Each structure stands twice: as C-alpha cells, then as structure tokens.
Amino acid sequence: MRIERPRMRNEFTPAPMALVPSGSFAFDLYTFFSVSVLLFATNVGAADPKFVGSSSCAAAACHGGLAGHKVIGSEFPLWAARDPHAQAYSVLLTDLSKQMAARLKLSNKTAHESAECLNCHSPATAAKESTLTGHAPLAGVDCEQCHGAAEHWLTPHRRKDWKQLSPDVKQRLGFKNLSDVLTRATLCTDCHVGGPGRDVNHDLLAAGHPRLFFELSTFHANWPKHWPRKTDDSKHPVPDAKPNDPPGSLFEAKLWAVGQVVTAQRSLELLSRRATHDRTWPEFAEWNCFACHHDLESDSWWQLPNRQKQPHDALSWNSWPYAMLEPLARQTYGPEFRGSASPISGTLRLRLRFTTLRPPAPNIAAEAAAAAKSLRAWAMTLNQAEPTEAQKLFSPEALKSLRESLVGNEGQQLVARDWDSATQVFLAINALRYAEKGARGGLDSADEAQVQAVLDSMRKSLDFQNGYRGPRQSELRELKTLLIAPP
Amino acid sequence: MRRSSRELSSRVSIHVHRQPNRQRRLAWWLALSVGVGSLLWLSGQYLQRQHRLYQAGDVAMTHRMFENECWRCHTTWAPLERLLSFRDAFPSTTNEQCETCHKVAEHQPEQKLAHGGIPCAACHKEHKGAETLARPHDRFCVSCHADLKEHGGQHAFANNITRFDVPGGHPEFLLTQLLKGEAPPTQGAEIREEHAVAKFQRSGEDDEPRWQDRGRIRFNHAKHLYARYDHQKLVDGLTDENRQPVDLSDKCESCHQPDADHRYFQPIQFEAHCCKCHPLLFDPVRYPRQSVPHELPEIIRGFLTETYTLRELQGATQTAANPTQQFCPSFPQQLPAAPDTGTDDEVDQPRRPLPGHRDQQKLTQAQAQKVLTNVVDAEKIARDHQHRLFDYEATGGCRYCHEVEVVEPQSKTSLSDWKIVPTQIPARWLPHSEFHHEPHRLLDCGVCHVGVAVSENTGDVLIPSRAVCVACHSSQPKQWASAWKEWFRSKQEWVQEREAVLAKKRQKSNSNPVASKQTQSFGDLITRADRGTRTDCIECHSYHNPTKDKWNGPFVPEIK
C-alpha cells in the first residue's frame with residue numbers, strides 16, 4: 001500500500017525559525033500569525049479530517065526510536081509491542097471471531113470486513129475512503145484513534161513552535177487534548193462502553209464477545225503505556241501545595257471519579273439510544289447478567305434470602321456502570337445526595353424501572369438522556385474543579401474517608417446488591433488507595449498493609465471458580481464479614 | 001779422649017725396663033681414675049634416678065604426645081646398632097613406623113632404587129629439639145639435584161640445581177622463559193599440564209600469537225584500577241553506588257580475597273565481586289532492577305520463561321521482593337534516585353487485579369507466542385546488552401565478560417542455542433612451587449605484579465619472575481640488584497607503552513603510576529640491603545609432591 005504524506009490544500013511555509021528566538025515576544029507574535037494562517041488555510045472544521053496512518057508517526061527520528069530505556073521517542077515500538085490496542089484488528093482474524101461473524105450473520109460475512117466490528121477494532125479501516133490518505137489496516141487502534149486524525153495537525157506537529165500552541169488551537173487542528181481527564185475518559189468509553197454503531201449488545205455477547213466491564217482507573221493502570229507515567233501526575237498537581245511537601249498529584253483521584261461518572265453517562269446515552277432506535281427492546285444487556293444467568297445450586301448468589309423477600313428485585317439493572325455513583329455523590333453533595341438537585345437522581349429513578357422486564361422504551365429513552373446530561377455536567381465539574389473544590393474532593397483525607405466508608409457500611413450494602421457492585425467496591429478501594437498515595441506525593445497511608453490484606457481476600461472471593469458458576473453465597477458472607485470488621 | 005763402648009754402655013742401665021716410667025704411670029692412673037670416676041658418677045646418677053643423661057635430644061613438638069612411649073617409633077634395636085656402628089645415615093626408626101601416621105606422596109616415581117628407598121629419618125631429623133622436622137637441609141635435595149643426570153633423573157627444567165641465589169644455581173621460571181620467547185627446555189615435547197596456565201595464542205585477529213594467560217574471559221585491570229587526581233582530589237575513576245568516583249588502585253583485596261590459609265586467593269565469584277556493578281539485567285523496561293541468575297544458558301532461559309509466563313498468567317510485575325538482590329546479595333539495597341530526565345520512567349505500573357474467571361491457567365497461543373518472543377528478546381539482552389541502571393554503572397550481559405558460542409539447540413523451546421566458553425582461569429600459577437602471600441603482605445601488590453594497573457588484556461601474564469624473588473631471597477641482595485633492575489626495566493618499557501595507549505584512550509595523562517613508584521622504591525631498598533631472607537629449597541618446593549591436577553584440572557595444551 002502506498003502511504004502518502006499528508007498534504008495541505010495550501011502549503012504552509014514555515015518561517016525562518018532560527019531567526020526567531022523561542023520564548024520571545026517576536027516568537028509569540030509569529031506563532032499567533034502562523035497559527036491563524038494555518039487555521040484559515042486548512043479550513044479546519046469544514047469536513048472530517050483525514051487519517052494519515054500510524055506509519056507517519058513511526059519514523060525513527062520521531063516516535064519510532066528503538067524501544068528501550070527511553071520512552072519518549074520510542075512510543076510507536078512500545079505501542080506495537082505491548083499495547084493490546086495494537087492487536088485489536090488481528091483478533092478479528094481468529095477462529096472465535098469467524099465463529100462470531102457466522103453466528104451474527106454479519107453484513108460482510110467476515111469480522112475483519114464488517115463495520116460492526118471495525119468501528120471499534122480498527123476505526124480507520126471502517127472509515128470511509130474520503131477520510132483516508134494512508135492507513136495500514138493491521139494497525140488496530142493506532143495513534144490517530146486517540147490523538148485525532150492527523151490531516152491538519154501532522155505538519156505543525158513537526159514544527160518547533162508546536163509546544164507553544166494552546167490545547168484549544170491544537171484541538172481545532174484535530175489533535176485531542178489527552179492531558180484532560182474528561183477527554184481521555186470520553187475517548188476510552190467510546191469503545192469500552194459503546195456508542196452509535198459501537199454497541200456490544202446481548203446479541204454480540206451471546207455470539208461470544210466478552211462483556212465490557214470498564215473501570216477507567218484500573219484499566220488505565222494496567223495499560224502498558226507509551227509515555228512517561230509521571231507526565232500524567234505532573235499535569236494534575238495538588239493545588240496550593242506547600243513548597244516542602246512531596247509533589248502530590250490528583251491524577252489518579254480524578255481519573256477514578258471522572259471515569260466512574262463518564263462511564264455511567266455513556267452507558268445512559270447508550271441506553272437512551274437502544275431504547276430509541278433498537279428494534280429489539282428490551283435490550284437484555286441492560287439487565288444484570290446474573291438475573292438470568294445463574295446456576296441452580298442452592299447457595300447460588302442469586303438465591304439469597306433477602307432477594308426472596310423482595311421479588312421485585314429478582315430482575316435488576318446492570319449495576320456495573322452505576323454502582324459507585326452513590327458513594328461519590330455522597331462524598332460531593334453530603335447527606336442530600338439522593339435529592340432532586342443531585343445529578344444522580346435521574347439515574348436512581350431509572351434503576352427502579354428495570355425491575356420489570358418491559359420498561360416503556362420512550363420513557364426510558366427520555367429519562368436516560370436527561371440523566372446522562374446531568375451526569376455530564378457533574379463530570380465536567382469534577383474535571384475542572386476549582387482548586388478549593390478539588391482540594392476538598394480529592395484531599396488525602398477525603399479520599400481516605402471515602403475508602404473507609406467503602407470498607408464499612410456503605411461497602412456492605414453495595415456488596416449485598418450483586419457481583420458487579422461488589423467488584424466495583426473492590427476496584428474502588430484499590431483505586432482510592434492509589435489516588436490517596438498520589439495525593440500524598442507517593443507516600444503510602446498508614447494502614448496500607450491491612451488494606452492490601454482485605455483486597456487480597458476480596459479478590460479471592462470475587463473470583464469465579466471455574467466453568468459456568470457464579471459467585472456463591474458463602475463467598476458473599478465472607479465478603480460481608482471482611483467489610484463488617486474493617487482493619 | 002776416646003771413650004770405649006763399655007764406658008758408653010755403662011751410662012745406660014740395663015735394668016731400665018724395670019725402672020718405673022712416671023709419665024706413663026701417671027697417664028695410666030689418670031685414665032683409670034677417670035674411667036672409674038665416670039662409672040661411679042654414672043652409677044650415682046642412675047641411683048639418683050637422673051635418666052636425662054641416657055636420653056637423646058628433645059623430640060619435636062609434634063611428637064611430644066608420645067611421651068615415654070619410645071616404641072611408637074623405635075621398634076627394633078636400630079638406635080643401639082646406630083650408636084655402636086657410628087653410622088649417622090643408619091636410621092633408628094623404620095619408614096613403616098612413620099607411615100602409620102604420615103601418608104605422603106612420592107617425590108619422583110623415577111627415582112633410582114637406592115634413592116627411592118631413602119628412609120624418612122634421613123631427611124627428617126628427630127631429637128633435635130625445636131628444629132623443625134619438616135625443614136630438611138638443602139644438602140638432602142642438592143645431593144641429587146646438583147647433578148640429576150648422574151642420579152638417573154630425567155630433567156624437566158635443569159640438570160644442575162645447587163642454590164637459589166647463586167647465578168646458574170637455579171633456572172629461571174619456565175613461565176618467564178616462555179614469555180620471553182626463549183626456547184623452553186621441553187621444546188618439542190608436550191608441555192606438561194601443570195605448566196599450561198599460559199597458552200600460545202592470539203589476542204585478537206591481527207595480533208601475532210604469543211604466550212599468554214589461557215583464561216577465556218574479558219577482564220580489564222587497567223579500567224578497574226584507574227583513578228585520576230586533581231590537586232589531591234579524586235576526580236575520575238570507577239563509580240560507586242552513590243555515583244561518586246572511587247579509587248580502587250590500591251584495593252586489590254576488594255576482589256582478590258585471601259583463602260583460609262592466607263596463602264593464595266579465593267576464586268573470583270560473580271555474585272561476590274562482579275554483580276554489584278554488572279548485574280545481568282534483561283528487561284530494562286518491564287523489570288528494570290531484575291537480573292537473571294549467573295547460571296548456564298539453559299537455566300537462564302528457564303528463569304525467563306517462568307518470569308514471562310507468570311507475567312502473562314498472573315500479571316506479576318516482579319519476581320522477588322528485592323529483584324536484583326535475589327541473585328546478587330552484594331547489590332546495594334538503596335540506589336540513589338535516578339536523575340529526573342523526564343523520560344526514564346518505567347512503562348508498566350504494578351498491575352491492579354480485576355476479579356473474574358481464574359480457571360484459565362494455560363497460556364493461549366498468542367500469549368505463548370508473546371512469552372517466547374519476550375524470552376528471546378530478554379535472553380538477547382542478557383547475553384549482549386550494555387546499559388546503565390539509574391545512571392549507575394551497570395554494564396552487564398554475558399558477552400561483556402564471557403565468550404559466547406552459538407550451538408545447535410536440542411529443542412526449540414526448552415534449551416538455549418548458545419553456551420558460555422569455560423573461563424579456564426588458572427587457580428594456581430607456578431604449580432611446582434608453593435607460595436605464601438601472607439608473609440609478603442607488607443609489599444604492595446604492584447611491586448611484584450608489575451604493570452597490573454595498565455593491563456587491559458586478560459592475556460597479560462602478571463606473574464613475577466625469579467629476579468623478583470631473588471631480590472630478597474638471597475644471602476646478598478645487593479648482588480642481585482642489577483638483575484632485578486634489568487627485569488624491572490624490561491617491564492617498565494611495556495608499562496610505559498601501555499600507559500601511552502591508555503592515555504590516548506582516556507584523553508588524559510595517566511596520573512596513577514602509584515604501583516610503579518612503589519616498585520621503584522623497592523628497587524632502591526634492595527640495592528642497600530646487606531642481608532636477605534631465606535633461600536632454602538623448602539621455602540618454595542615440597543619433596544612429597546601432591547598431584548598438581550587438582551589446581552588447574554587436566555588440560556591438553558595446544559601449541560600452534
């Protein structure tokens with residue numbers, strides 16, 4: 001395949017940079033004019049920018065250095081070697097994918113040619129011809145899927161004054177500001193939660209697709225990165241830190257909180273879409289998996305005494321995206337977190353609707369859209385919290401109290417709900433531990449070892465043993481015991 | 001007036017023999033009285049139970065445990081026989097009695113029968129009090145070695161050895177002869193294995209073959225002993241764990257540690273001496289502080305396979321609490337923080353577990369392929385890679401020190417396709433002699449091992465020659481000063497040549513001729529010395545020669 005270099009409609013002529021010292025007023029002036037010309041000349045925003053292909057980034061002198069000691073300069077090889085996103089396309093060629101394509105009766109018969117799969121597994125391949133200048137289909141989820149289609153920003157990106165440009169200008173050129181946690185969370189949830197054309201619904205799950213249970217903070221931690229980890233931390237410093245304090249970072253805390261809210265928001269948007277457009281309503285993927293998929297053994301988790309007392313709870317909403325909203329809202333809004341002013345009130349109302357198998361689709365669609373909107377506003381507040389607000393929300397003490405409430409009564413209630421909520425509690429305790437450590441400037445909290453011990457036990461209890469078998473009652477009891485008697 | 005014979009004869013009494021001779025009588029009576037007096041004295045001593053008179057001298061300290069049990073050694077009437085026959089060579093004890101306790105090796109299997117049957121007591125004189133039994137006089141050795149041919153010996157080094165500190169009295173060490181390029185006496189014959197510590201070989205592709213250390217390992221003494229001072233402040237040298245220059249130029253003992261007897265040195269151990277600065281890192285990104293064990297390639301591959309498999313299955317990010325110390329106890333517990341370059345970050349954080357199904361303990365095909373790729377990559381790094389760890393000296397990789405050979409693997413996944421060439425580092429040099437480093441501890445190492453500070457090549461033989469020994473071990477050291485100086489000059493030429501090469505490499509003058517200076521002062525010392533130290537054969541050689549294979553192992557020399 002011939003890969004062309006990106007070409008501007010009007011070639012932009014770089015100025016004699018050597019004559020303009022960087023940092024000077026002349027430089028700023030020059031940058032201002034050159035960017036204005038750039039934006040005007042490229043007619044940014046007129047149409048979707050084109051993908052230029054990751055090979056444009058992978059030159060040895062740019063981001064294709066030999067992977068080794070240094071991360072900067074070796075981003076492409078690091079991504080190619082370690083990042084599971086690099087394998088996103090090639091999994092479509094496996095036997096399982098072929099079987100899934102057959103079961104789903106896909107439009108193009110094969111997974112690696114069908115838009116249903118490619119929209120997530122290789123968006124550039126799925127893209128229309130008009131949006132491509134060059135792209136290697138084997139690349140899976142490559143550079144431009146996260147950083148933005150590079151038609152307009154590739155040339156300025158190579159220039160010395162690139163770093164002087166503001167994130168807004170870069171965004172207008174198509175370069176996404178991934179330092180912003182909300183942008184990052186939204187980008188990840190595009191596929192990991194779903195959206196238009198990217199719906200992992202019950203059909204797909206039944207055909208063999210793994211369930212999407214996405215928790216941004218944990219996934220982010222486990223993700224092999226192609227950038228120095230500390231750059232994330234350094235871009236979200238603790239506000240008003242004292243000079244002698246170790247350099248703390250709110251990144252982990254923000255990532256968890258914003259991740260939870262955005263995941264819920266995107267799930268609600270997906271729900272709204274499913275209720276509006278899908279021909280198959282009710283969409284089973286919206287319910288808790290174990291509501292139907294549970295074994296018939298006597299101590300199956302689903303056959304708990306309290307559930308028998310509350311028959312309406314036999315069916316329940318898929319709690320994975322929403323489990324952590326209540327603890328987070330309580331932390332933010334205090335005792336009134338369930339009230340009508342709270343951003344989660346809509347979500348809480350929706351939960352009740354899913355105790356029946358056929359909730360009315362139009363109502364659901366409208367309510368979900370409204371609830372998503374309020375969650376979006378909340379996510380933006382969390383993301384751009386004022387220093388004082390951020391200090392209040394994400395101080396080590398606040399994070400610790402949230403963690404302790406999850407290890408205590410609040411955690412017990414959530415664990416009693418279902419496996420998804422229990423697992424979210426587990427992940428949240430772990431995430432908050434790291435968030436607290438980050439906010440303290442890398443120092444562990446005093447009860448670090450005890451928390452680790454609780455987490456180890458919880459993890460064992462939450463693991464599925466083997467084959468088709470859900471969690472046991474005895475394991476739940478064990479979990480509750482763990483949380484009743486916190487260290 | 002004439003005298004008649006009668007008159008003359010009348011002057012002598014014909015009864016002269018009847019007259020008593022006073023002198024004789026006096027002598028006779030004296031002898032009798034001394035004899036009788038002695039007997040009376042002896043009897044008196046005996047009656048007074050004073051037995052010391054009848055005994056030989058004190059036994060050696062080691063034999064005092066026998067107390068009055070003379071029969072432990074003297075089983076026959078040999079002492080009386082020896083006394084009566086006045087034959088000193090006649091032993092008063094048999095070899096069997098000595099061998100009850102002392103099992104000794106033969107001196108030389110080809111000794112003639114008459115000499116082969118030398119009784120132990122002929123050399124080891126007992127009843128000499130504190131005089132050491134184990135230090136026979138040189139005359140016992142020289143009795144044969146002064147003219148070995150006459151005594152039927154087959155000479156390996158020299159026919160006539162008379163005395164160590166006399167010109168021509170003792171040959172130069174064979175090793176020195178080989179290094180000088182002088183034809184060894186054994187030319188044409190196979191070099192005996194104990195001498196094969198040096199080999200006739202090339203250092204590099206272009207070098208002329210020469211005699212050199214047979215060791216198959218890369219070690220640079222010059223690099224490790226380098227230190228540069230500026231106004232008495234150390235400015236350049238090796239770097240320690242605190243990233244400070246460190247001067248090891250007079251700290252040979254940091255690697256060469258004495259053995260239990262303080263005679264020789266313990267073998268160099270990677271774990272004790274090398275890994276602190278040269279950990280065998282294999283994955284600077286995922287396992288920046290983890291090293292592979294200093295083991296055979298098969299074991300290294302096994303370790304890597306396990307590490308990466310566990311990583312795939314369990315997300316284990318490290319294999320031990322303190323990864324580098326796992327295989328390297330001397331590795332510093334705390335390394336200084338890396339300088340903040342903004343890019344030296346590890347790529348992977350510790351993984352956070354996601355609960356769920358745990359029944360898939362097998363690797364999928366893709367995972368297995370990934371493990372294999374990782375293992376091959378890591379193995380390549382462990383074999384070849386050189387890098388710095390947190391800006392701390394950490395040049396590692398097998399190939400950095402060892403010769404690595406590519407071999408045919410027995411199986412694609414289990415066995416490695418490379419092997420390490422055996423190092424063949426000699427455990428002992430000059431194996432025909434015994435040396436004791438401890439009494440020489442007052443000397444700087446470089447006094448005898450001249451040039452060690454400029455030696456970059458393992459092939460450089462740094463063992464001193466006879467001229468160095470005889471400078472002290474001589475009755476007249478002054479006589480040997482010129483020989484020592486000649487040897488030292490020849491060494492100095494080599495040292496200066498090497499120094500020039502090093503200075504060019506380092507782009508600085510080599511201001512560390514510490515060892516040379518000390519050697520020079522040693523030279524001045526011996527030119528003024530009136531008296532030297534012992535020169536006995538027994539100082540270096542033992543009569544009962546143990547097998548020498550045990551030091552350096554069997555070895556078939558290759559002379560090309």
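A salt bridge is a side-chain nitrogen of Lys or Arg within 4 Å of a carboxyl oxygen of Asp or Glu. By that rule, the structure holds 24 salt bridges over all chains. The model is predicted, and the close-ups below walk you through some of its details.

**View 1. A salt bridge between two loops of chain B.** Here B:R263 pairs with B:E434, and their closest N and O atoms are 3.8 Å apart. B:R263 sits in the loop between strand 5 (245-246) and helix 10 (270-274) of chain B, while B:E434 sits in the loop between strand 9 (418-420) and helix 15 (445-448) of chain B, so the pair ties together parts that are 171 residues apart in sequence. B:R263 counts as partly exposed, at 28% relative accessibility. B:E434 also counts as partly exposed, at 24% relative accessibility.

**View 2. A salt bridge between two helices of chain B.** Now look for B:E379 and B:R301, which form a salt bridge with their closest N and O atoms 3.0 Å apart. This pair links distant parts of the chain: B:E379 belongs to helix 13 (residues 365-384) of chain B and B:R301 to helix 11 (residues 297-314) of chain B, 78 residues apart.

View 3. B:R441 and B:E438 form a salt bridge whose closest N and O atoms are 3.6 Å apart. B:R441 is exposed, with a relative accessible area of 56%, whereas B:E438 is partly exposed, at 29%. Elsewhere to look for salt bridges: B:R135, B:R534, B:D536 and B:E539 are joined into one network by bridges that share partners.

**View 4. The largest nonpolar core.** This core has 71 residues, and the members that touch the most others are A:W256, A:L268, A:L271, A:L350, A:W378, A:L382 and A:F394. Helix 13 (residues 251-277) of chain A gives the most to this core, contributing 12 residues. Apart from this core lies another, of 19 residues, including B:F303, B:C328, B:C398 and B:W418. Zoom in on A:W256 and you can find its contacts beyond four places away in sequence: A:E215, A:S217, A:M324, A:L328, A:L402, A:A428, A:A431 and A:L432.

**View 5. Helix 13 meets helix 22 in chain A.** The axes of helix 13 and helix 22 (residues 419-439) of chain A come within 8 Å and cross at roughly 150°. How are the two helices oriented to each other? Angles over 145 degrees count as roughly antiparallel, and helix 13 and helix 22 of chain A are therefore roughly antiparallel to each other. Helix 13 brings A:E252, A:A253, A:W256 and A:Q260 to the contact, and helix 22 brings A:Q424, A:A428, A:A431, A:L432, A:Y434 and A:A435. By class, this contact has seven nonpolar, two polar and one charged residues.

**View 6. Helix 9 meets helix 18 in chain A.** Helix 9 (residues 181-192) and helix 18 (residues 361-383) of chain A pack at an angle of about 140°, their axes 9 Å apart. These two helices of chain A are therefore oblique to each other. On the helix 9 side you will see A:V181, A:L182 and A:T186, which meet A:R376, A:A379, A:M380 and A:N383 of helix 18. The residues of this contact divide into four nonpolar, two polar and one charged.

View 7. Chain B has 20 helices and nine strands, and 32% of its 560 residues count as buried. B:H107 is found in the loop between helix 4 (95-99) and helix 5 (113-116) of chain B. B:H107 counts as partly exposed, at 24% relative accessibility. From B:H107 to B:S542 the C-alpha to C-alpha distance is 8.5 Å, although the two are 435 residues apart in sequence.

**View 8. Two loop residues with positive phi.** A:K105, which is not a glycine, has a positive phi near 50°. A:K105 lies in the loop between helix 3 (95-104) and helix 4 (115-121) of chain A, and is exposed, with a relative accessible area of 71%. In chain B, look for B:E67, where phi is about 50°, again positive in a residue that is not a glycine. B:E67 lies in the loop between helix 2 (22-47) and helix 3 (78-85) of chain B, and is exposed, with a relative accessible area of 69%.

Definitions and conventions:
Residues are numbered from 1 along each chain as its sequence is written. Chains are lettered from A and ligands numbered from 1 in the order in which they are written. This is a predicted model: local features need pLDDT of at least 70, side-chain atom pairs count only at pLDDT 80 or more; totals for chains, interfaces and linings use all residues. Side-chain values use heavy atoms; hydrogens and water are left out. A nonpolar core is a set of buried Ala, Val, Leu, Ile, Met, Phe, Trp, Tyr and Cys residues joined through side-chain atoms within 4.5 Å. Buried means under 20% relative accessible area, exposed over 50%, partly exposed in between (1.4 Å probe, protein chains only). Helices (H or I, at least four residues) and strands (E, at least two) are DSSP runs, numbered from the N terminus. Contact means heavy atoms within 4.5 Å. Axes are lines fitted to C-alpha atoms, for helices over the stretch in contact, and angles run from 0 to 180 degrees between N-to-C directions. Angles under 35 degrees count as roughly parallel, over 145 as roughly antiparallel, 65 to 115 as roughly perpendicular and the rest as oblique. Ala, Val, Leu, Ile, Met, Phe, Trp, Tyr, Cys and Pro count as nonpolar, Asp, Glu, Lys and Arg as charged, and the others, Gly among them, as polar.
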